[in-house]
Structure formats: C-alpha cells, structure tokens
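Have the structure open as you read.

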Amino acid sequence: YVEFDPETRRYRPAPRLAFLGHWALGGPGNIEQVQNLMRALAEQTEESVLLGGQKGLFMQYLSIIESPHNLRFSLRPGLVRPLHGSGIGIMLLTRRSDDDIRRIVRRHRAEFGAEDGWPDEEATLENVRLARAQGYIETFGIASRGAGTICTLLEIPGSGPCLGIAVGGPISRLDTHREELRETLTRTVAEFVRDLAELPVATDRAERTFPAGHA
C-alpha cells in the first residue's frame, strides 16, 4: 500500500491504497466514481473490466469486474505483472520518457530475468510509442495465454494518480467486436474524466455522484 520513489527518495501512497481510503484518488467520492465507471463498462461490453496502477517495476491490478461469460478473463486484485509485460502497464509507461522506459525494462530483466513472451527494450518502446499515438493499446496473449485486452489511461483530475483501465477476454471473442469495444472504452473513459473534472469540489460524497447516463 506504500511504495518508495527512488528518484525523490520519498515514500508515497500506492494506488491500491485508494481502495482503503478515498483520498489517494484525489478527493471524497472518487473511488465510488471509478467503481461506477467500471460497472458501466462491464454492462456495456459484457467483458471483464480491469483497473491497474504502477507499483515499482510492476503494474498491479487494483480492482476487477469479471465478465458474465463462462469463458472469461479471470484475475484477482493485487496480482502484479511487469510494466512492460501488460497492456495497462504499457499505457502507464506512456507518461515516462524513453530513457526511463529503457531503465525500467533493463532493471526488471536484471532483477527478475527475461521471461518468454515479455518484450525487450526496443519492443517495449515500439509498444509505448504506438500507445501514445493511439491513446490506447491492444494486447494479444502477453500477460495471459489466449486472452487479450484493450487498454487506455484513466487520469483522475486534480491530485489523483494516473491509472490504467482495460476490457479483457478471450482473444477469439474480442476479435468478433474489437472495434466496438475499443470505441466504447475510449469514449466512456474520456467522458468520465471530462465530467469528473467539471464537478465542483465537495466534501459531501452525495455531491459527487457519477454523471447521469453512465451508472
């Protein structure tokens, strides 16, 4: 729940702490807002919805809503993946410089080895540059064999952390409506961030309800 930033040599709350207290997401009510967003995406897409944040060299799943399908992307909150070895992690890396990304990949490979299927420095940079240009990234069996994700950034307005959010499922099913899923994810998240930024600052949780039409 707390992580060390080697650049500033200070400790700071990890994003997962948000799921114990609202302040780590930037203000009262924001955790409820994000959970409502996830439920809305799960209802619209009928696929699993994944929320993740950075934890050192890793991406950590913070919250997950599973698809109602019998065959689905099934994970548990708290599970970690290498930043460069997951779609959400690639989106989080879009906020870092290319030099930082190289250092992160080299350090991970030095400390944990090079697992089969995880991209090297150049492949990671190629993925990150594509994600920066598109505003999203699609994965095919990087983190879980046979499963894919469509991921984008979720930037909480104000002092909240930058998170990643994704819809995921079996590649065979995602391929049947990938464009629709991508459009739904990017549009819904963009609308959520815009509407949340327009809400007045409030200490009363009731004043920060999720914008009409999404819940």
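What follows goes from the strands to the helix and then to single residues.

## Ground rules

This is a predicted model, so to speak: local features need pLDDT of at least 70, side-chain atom pairs count only at pLDDT 80 or more, and totals for chains, interfaces and linings use all residues. Residues are numbered from 1 along each chain as its sequence is written, and side-chain values use heavy atoms, with hydrogens and water left out.

## The sheet

Six strands line up as β5-β4-β3-β8-β7-β6 in an open sheet with antiparallel pairing. Because β5 (80-82) and β6 (137-140) are the edge strands with a single partner each, one side of each has no neighbour in the sheet. Strands here are DSSP runs of E, at least two residues, and helices are runs of H or I, at least four, numbered from the N terminus; two strands pair if DSSP finds at least two bridges between them.

Take β7 (residues 147-155) and β8 (residues 162-170): they run antiparallel, joined by 9 bridges. I150 has V167 in β8 as its bridge partner.

## Helix α6 and R178

Helix α6 (residues 178-198) packs on the sheet and touches β6, β7 and β8 (contact means heavy atoms within 4.5 Å).

R178 lies in this helix, α6. R178 counts as buried at 10% relative accessibility (buried is under 20% relative accessible area, exposed over 50%, partly exposed in between, with a 1.4 Å probe and protein chains only). Leaving out residues up to four places away in sequence, R178 touches E138, F140, T149, I150 and I171.

C151 is buried at 1% relative accessible area, while C162 is partly exposed at 26%.

Note on methods:
Axes are lines fitted to C-alpha atoms, for helices over the stretch in contact, and angles run from 0 to 180 degrees between N-to-C directions.
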